[in-house]
Amino acid sequence: MIKAEEHLNNKGLTIITTHINADFDAIASMLAAQKLYPGSLVVFPGSQEKNLRNFFVESMVYLFNMADMKKIDFDDVRRIVMVDTRQPGRIGKLSSLLERDDIDIHIYDHHPPAANDIKGSLEVYRQTGSTVAILAGMLEEKEIHITADEATIMCLGIYEDTGSFTFPSTTRDDFKAAAFLLSKGANLNIISNLISREISPKQVSLLNEMLQASTRHNINGIEVVVTTISTDTYIHDFAFLVHKMARMENMDAIFALALMENKIYMVARSRVNEVDAGSIAAPLGGGGHAFAASATIKGKTLAQIEQKLIEILYEKIRARRMARHLMSSPAISVSGDISCRDASGFLTRYNVNALLVTEKNEGRENLLGYITRQVIEKALYHQLDNVQIKEYMTTEMASVGPDAELQEIQNKIIENKQRILPVIDNGNIIGVLTRTDILNILVRQSQQNYSELSDQPKEQLHARTRNIVKFMDERLTKRIIGILKIIGKVADEVGCGAYVIGGFVRDLLLYRNNEDVDIVIEGDGIAFAKKYAPMVGARVHIYGKFGTAVVIFPDGFKIDVASARMEYYKFPAALPTVEMSSIKLDLFRRDFTINTMAIQLNPVRFGNLIDFFAAQKDIKEKAIKVLHNLSFVEDPTRVFRAIRFEQRFGFTIGKLTSGLIENAVKMDFFKRLSGRRVFSELRQILEEDNPLSTIIRLNDYDLLKMIDPSVTLNKELVASLDSVRQVLSWHDLLFLEESYMKWAVYFLALFRHSNMGVTEEACARFEIAPKLQNIFCKERFEAERCLYRLEMDHLITNDMLYKLLSVFRIELILYMMAVTKQERVKKAISFFVTQLRMTKLSVSGRDLNKLGIEPGPLYKNILQEALDAKLNGLLKTKNDELNFIKNHVPEY
């Protein structure tokens, strides 16, 4: 027996209890109450469900000062604390204590008052989604310490009783309590694992009865489910069962009526805007909000209430708005063969901003895509008047059926960024919907419904934003974080917005290291750079024509600074003309969506990720997509970058983007590119970790000829490039700490089978520096003659090998090692690189002078003889070298 003297210093025993079949909220509330009543005992009035019993007994029982009711001497109990209930019939045998006059009763509950509620000396009642939220708030007010495990259990109670904050009973206090518990270390992973609620056999039976009794009503195009059930006892989890049924059957709207004892309870759930659960519950004496409501009715039969409910449903439910009612018909469409100039005429004639593009096939109009006024105007600007519109139409597009609802129409137009949405029935285009149509519909709705329907589009039409400060702290070095914060502060001081953009942000989200910091300033970037540089002890280089600057730190670290700008191209493949702009227009000029993200650096919004063009979605889907259909017309070099990024990140070029690449090749826009720009892109490709995959993809698009007609992809070239990769990897693993041009080795292999004239012509076209031209032309052919001798001569000594190879740059040596097909030669070159190349004599001309040899040309011959002997393994030490020279002096 547990006696009172063991607790509360002989002042009597305090026990904490809750209702039978305690749920997580009840158990969490007992734990919280235990913190408010030190020395008290936690007593369950009955057995617990399996999941709760296993959870607490096996892992968390140590947190509770728990006692078995059978071992408690009721005569010693002086106070009973009830949580999550005030019904005497729900605490089992402990209800006998309530009849005693000497028992102090304290109650903490969130359930609405009832006629037979227990009266206590202390009653704490609030209309919250969970009882533990009330108690957690008291713990916070009293500053009572709780552990992370205790916080986890309490938070679990809130999550369960509020349906993870989705039930209509959820209040601000529940969120505040959860926030407090999270600050105390509540573990959301544990909560997530436990919140998957099991239902009891009785509940399964009730749920089955509800499903069997359900009837479906089609009211104004909306399917509404009504179900009824009768039971002799109160069903505490009735709302939970209704919620479960709605989710199981994927119902848009459900109204459940339950006769419990002498009352009828109605619980309603809706997930469509046309069914306002709150307004439907009101005539029945209930209430709630649009998506969840309830009512309690007395003095009526179940049949009466069901009939009344159906009458209200027909009165209150608004007609569903479907595509067939909203579309414009017939659809204006054009053939893909018409020119851009003719398409412009159609747009003007019909006063529309987009046209469907179709082709006739056996009397039916087949949808090919659509083209917008913006694309047409750009095409005309670039003098592409006579090009067929099918070359620049958007082929990836969504469509809807005639019964599509307004929400589906909204989502497809917004998520796919479509100006026009075709309505298709059995393969036939029966009409179109435009963004203007949808906006007009929303404007005509009442203020309440307008706000409900426009929340999502408003967010989607503007930038997607989220704060990633914690992620930045995890991924970036303290130095980079410090630099970015100072940039933001300086930008504030000069009154402009500052953003880090492009590849830096992309690679941050891809978990790739990238410290190439590109800053965009909404304002005067040059003025910002001039103010920022001296503050951090850096110098600045100004490029006034483009409104850019480079800030160079003492250790060589660089930051590129640019004014937010927009670019337009005077003709295809031209360099851009630059104008000042905003961050959105600056990002729109980028090459691909994955490079259009920015992170704001100003202190108030530091760490806000800005995404106007769904870059995060494309990163998740691993897709390379252009921002507009004329992207490759404006700058064909973007084609090379698209392929490079695809191979670097393991992404896939989008279907539309791939088609636009093929069009750019077919239209031969590359012929207008300067050789320098082509070489710049080629060099960046050859600087990738594995350029071979990119070279193969260039060949897939017939783009190798843009590098040079002499470069053709065959098995030998593939083998050579792959061999270069292996040789460079081998060299890098030697950790020789010597810098060299990796890309140059690949370049040598790429032009291996081009003769001197072709190579010189290519170098001239690429405007390659004379020093590099010498390597790729004259020195390359000397290296190939050397390689030929190595392959033909099987008796080459170490000193001969040294003399042959030591005259070449490391790039040419690695090139020879990569392209030779003889393993013997490969090993010989490897031996030279790792052993012979670094061989030096210990003796010098001074030592020869000491030996009495007169200075002169003879020194060179003597030292060369000694080096040859050392290379051939005959000399090890300096004494060996001196003795060798002494022995050979008479010869000289």
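**Sheets, crossover and cores in a predicted model**

Helix H3 (residues 131-142) lies across strands S3, S4 (104-109) and S5, at about 110 degrees to S4. This is a predicted model, in which local features need pLDDT of at least 70 and side-chain atom pairs count only at pLDDT 80 or more, while totals for chains, interfaces and linings use all residues. Residues are numbered from 1 along each chain as its sequence is written, and side-chain values use heavy atoms, with hydrogens and water left out.

Some terms apply from here on. Helices (H or I, at least four residues) and strands (E, at least two) are DSSP runs, numbered from the N terminus. Axes are lines fitted to C-alpha atoms, for helices over the stretch in contact, and angles run from 0 to 180 degrees between N-to-C directions. Contact means heavy atoms within 4.5 Å.

Five strands form an open sheet in the order S2-S1-S3-S4-S5, with parallel pairing. Strands S2 (41-42) and S5 (122-125) stand at the edges; each has a single partner strand, so one side of each lacks a neighbour in the sheet. Two strands pair if DSSP finds at least two bridges between them. S1 (residues 13-17) and S2 pair over two bridges, in the parallel sense. Isoleucine 16 has valine 42 in S2 as its bridge partner. Helix H1 (residues 24-36) lies across S1, S2 and S3 (77-83), and runs at about 135 degrees to S3.

Seven of the eight residues in S8 are buried (under 20% relative accessible area; exposed is over 50%, partly exposed in between; 1.4 Å probe, protein chains only). Strand S7 (residues 222-231) pairs with S8 in the parallel sense, over seven bridges. Here valine 226 stands opposite phenylalanine 255 of S8. The chain passes from S7 through helix H8 (residues 238-248) to S8, a right-handed β-α-β crossover. Right-handed means that, with the strands pointing away from the viewer, the path from the first strand over the helix to the second runs clockwise.

S8 also pairs with strand S9 (residues 263-270), in the antiparallel sense and over eight bridges. Isoleucine 254 has arginine 269 in S9 as its bridge partner. Two residues lie between the strands of this S8 and S9 hairpin, where glutamate 261 takes a positive phi near 60 degrees.

A further open sheet has three strands, in the order S12-S13-S14, with mixed pairing. Strands S12 (333-335) and S14 (364-372) are at its edges. Neighbouring strands of this sheet are turned by 40 degrees against each other on average, direction ignored. S12 runs parallel to S13 (residues 354-361), joined by three bridges. Serine 333 has leucine 356 in S13 as its bridge partner.

Now the interior. A nonpolar core is a set of buried Ala, Val, Leu, Ile, Met, Phe, Trp, Tyr and Cys residues joined through side-chain atoms within 4.5 Å. The largest has 141 residues, among which Leu484 and Ile559 touch the most other members. Helix H34 (residues 810-819) gives the most to this core: nine residues. A second, separate core has 43 residues, including Ile16 and Val42.

Last, the cysteines. With a cut-off of 2.5 Å between cysteine sulfur atoms for a disulfide, the count is zero. Cysteine 763 is in no disulfide; its nearest cysteine sulfur, that of cysteine 777, is 4.2 Å away. Cysteine 763 is buried, at 0% relative accessibility. Cysteine 496 is buried too, with a relative accessible area of 10%.
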